[in-house]
Amino acid sequence: MSGTPILELRDFRYTYLEGTPKANEAVRGVSLEIQPGERVAIVGPTRSGKSTVVDSFAHLLRLKPGQVFFEGEDVAAPGYDRGALRRKVGIVFQQPETQIVEDVVGADVAFGPTSAGSPAEETRGRVEESLDGVGLPYRDFRLRYVYALSGGQRRRVAIAGVLAMRTPVLVLDEPTAGLDPRGRRELLDLLGRLADDRKLTLVVCSASLQDASLLCDRVVVLDEGRVVMDGPLREVLRRDEDLVRLDITLPEPIAAARELRHLFPDLPEDLTTEDDLERELVQRLGTP
Amino acid sequence: MLELQRNVVFGQFVDTGSVVHRVDARVKIAAAALCIVASFLIDDLLGFGLALALVVGIQALSRIPLGFFLRGSAFFFGFLVFILVFQVLFYTGEASGYLWRWGILSVSAEGLYTAGVLGLRVVFLYYITTLLMLTTSLVDLTNGLELLLSPLQKIRVPVNELVLVFVIAVKFVPIFIEEMERLARAQTARGVPFDEGGAVTRARRLGRLLVPIFINGFARADTLTTAMHTRSYRGGRNRTKLRVMKAGPPDWLALALVTAWMLAAWQL
């Protein structure tokens with residue numbers, strides 16, 4: 001690792017409702033460095049602290065100083081410009097529908113750029129690009145009412161709203177939950193493309209490695225508020241027994257390979273794509 | 001950040017497993033009702049002092065931290081002070097002498113005294129109901145209310161339905177609070193800074209949350225109705241309880257103690 005990490009957590013701990021009878025310790029000492037341009041998956045079962053870690057990136061919690069750093073600066077230091085931080089770290093929440101602030105689709109997507117002071121003409125361009133990007137054609141959707149849209153469409157509006165802010169860091173919490181297979185594929189393609197084109201730093205949070213394995217090359221596994229694994233995707237995938245024990249859904253090819261190992265005990269552990277699996281199987285079955 | 005759960009204690013249930021938590025729910029409800037009646041009969045500072053002393057004692061027994069309770073009531077007390085200031089300034093009863101006067105506004109000893117008694121009465125009412133909810137789980141509260149009100153069923157009052165409506169209303173308070181916090185966080189991430197600016201700006205930003213809160217509230221109510229239908233809800237008819245409430249001698253003793261104390265506070 002070299003250079004200043006764009007995001008860094010140093011022994012980050014967080015307790016919700018601290019000092020009340022309902023205190024709930026969510027994160028118990030997470031240290032993590034993310035370099036610019038990295039694509040990191042943060043995976044873990046429910047209550048592992050993923051969402052709290054995500055919230056900390058944009059200072060959406062009562063943070064204590066010395067724990068969360070953006071480009072080397074302590075975000076909880078007095079006088080730190082949180083507004084500027086939130087213009088650089090875009091977060092798509094687990095239920096992105098809650099992020100919608102305006103009634104009309106176009107106005108909502110324009111909200112971020114406008115409040116960041118982008119000129120009207122540029123904002124228009126960004127809205128058009130973002131809406132087209134998430135598969136809601138700008139011309140048809142910009143004047144529609146948000147509340148008249150379906151759940152999946154609303155989610156795309158919310159994602160477009162974050163994309164339009166053109167943040168160098170994009171954090172997504174369970175981005176594909178509740179989407180149909182086609183919507184899921186489209187969204188993953190879009191995110192991969194955006195990350196390539198704009199050299200984004202991408203953080204994807206999930207209980208499943210299925211989507212993360214297609215987008216990310218590094219995986220951080222959390223359990224009960226602590227980091228239990230951190231490494232390149234292929235290395236983490238090799239520890240499939242541990243992942244299954246943590247109740248983390250494996251990518252389909254890996255899960256299939258686990259089952260097929262009854263027949264072919266020598267199948268490799270790091271088959272991330274269906275093509276890898278197919279190739280290995282064809283090899284073992286012998287080409288007809 | 002917006003942390004309403006830290007700042008609104010009303011309607012929360014905190015289980016510390018104390019003596020107060022274990023008292024039969026019917027007895028607690030009856031005692032709270034008794035205190036409410038007493039608060040309308042008592043009309044001097046000494047009486048309220050005595051009555052409040054009992055509630056403070058109950059709070060200590062319940063092992064609910066006082067700091068948590070006070071911090072969670074700051075909004076309420078602030079609002080109360082605001083109202084009492086008007087009560088004093090616009091006091092219209094007989095006044096023996098004015099401490100300060102300007103047009104229709106005045107401060108008199110009598111005005112201060114009535115405002116003080118009124119304030120204590122409201123604090124007492126708030127304290128007793130909040131404490132009841134802090135120490136009684138919703139299930140116990142429902143069962144207790146239902147049993148206490150069951151005689152009314154004879155004159156065809158739909159007790160079960162009324163209690164259900166009450167319970168749903170109470171239960172939705174924390175849900176809405178959680179939802180507001182989540183909305184505020186989500187919108188902050190998009191550049192609506194809920195954690196910056198003066199009190200007025202902050203209050204105006206809260207307005208942005210109201211429309212989605214209402215829409216989600218209606219959606220939630222719809223879902224709940226469907227859920228109840230699919231689980232064959234048909235009111236309280238022919239319904240039996242898994243847990244039958246039994247009040248023992250200590251429960252009756254507690255009720256007797258509260259009754260005696262309130263009588264003393266009234267007559268003193």
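Trainee: Which residue in strand 8 of chain A is the bridge partner of A:L172?

Mentor: A:V204 is the bridge partner of A:L172. The model is predicted, and local features need pLDDT of at least 70, side-chain atom pairs count only at pLDDT 80 or more, while totals for chains, interfaces and linings use all residues. Residues are numbered from 1 along each chain as its sequence is written, and chains are lettered from A and ligands numbered from 1 in the order in which they are written.

Trainee: What makes strand 7 and strand 8 of chain A a pair?

Mentor: Strands are DSSP runs of E with at least two residues, numbered from the N terminus, and two of them pair if DSSP finds at least two bridges between them. Strand 7 (residues 169–173) and strand 8 (residues 201–206) of chain A share five bridges, in the parallel sense, and therefore meet the definition.

Trainee: Why do strand 6 and strand 10 of chain A count as edges?

Mentor: The open sheet of chain A has six strands in the order 6-7-8-3-9-10, with mixed pairing. Strand 6 (89–92) and strand 10 (226–232) each have a single partner strand, so one side of each lacks a neighbour in the sheet.

Trainee: How do you know that chain B touches chain A?

Mentor: Contact requires C-beta atoms, placed from the backbone, to lie within 7 Å. By that criterion, 21 residues of chain B contact 24 residues of chain A. Helix 9 of chain B (helices are DSSP runs of H or I with at least four residues) gives the largest share of chain B's side, seven residues.

Conventions:
Contact = placed C-beta atoms within 7 Å.
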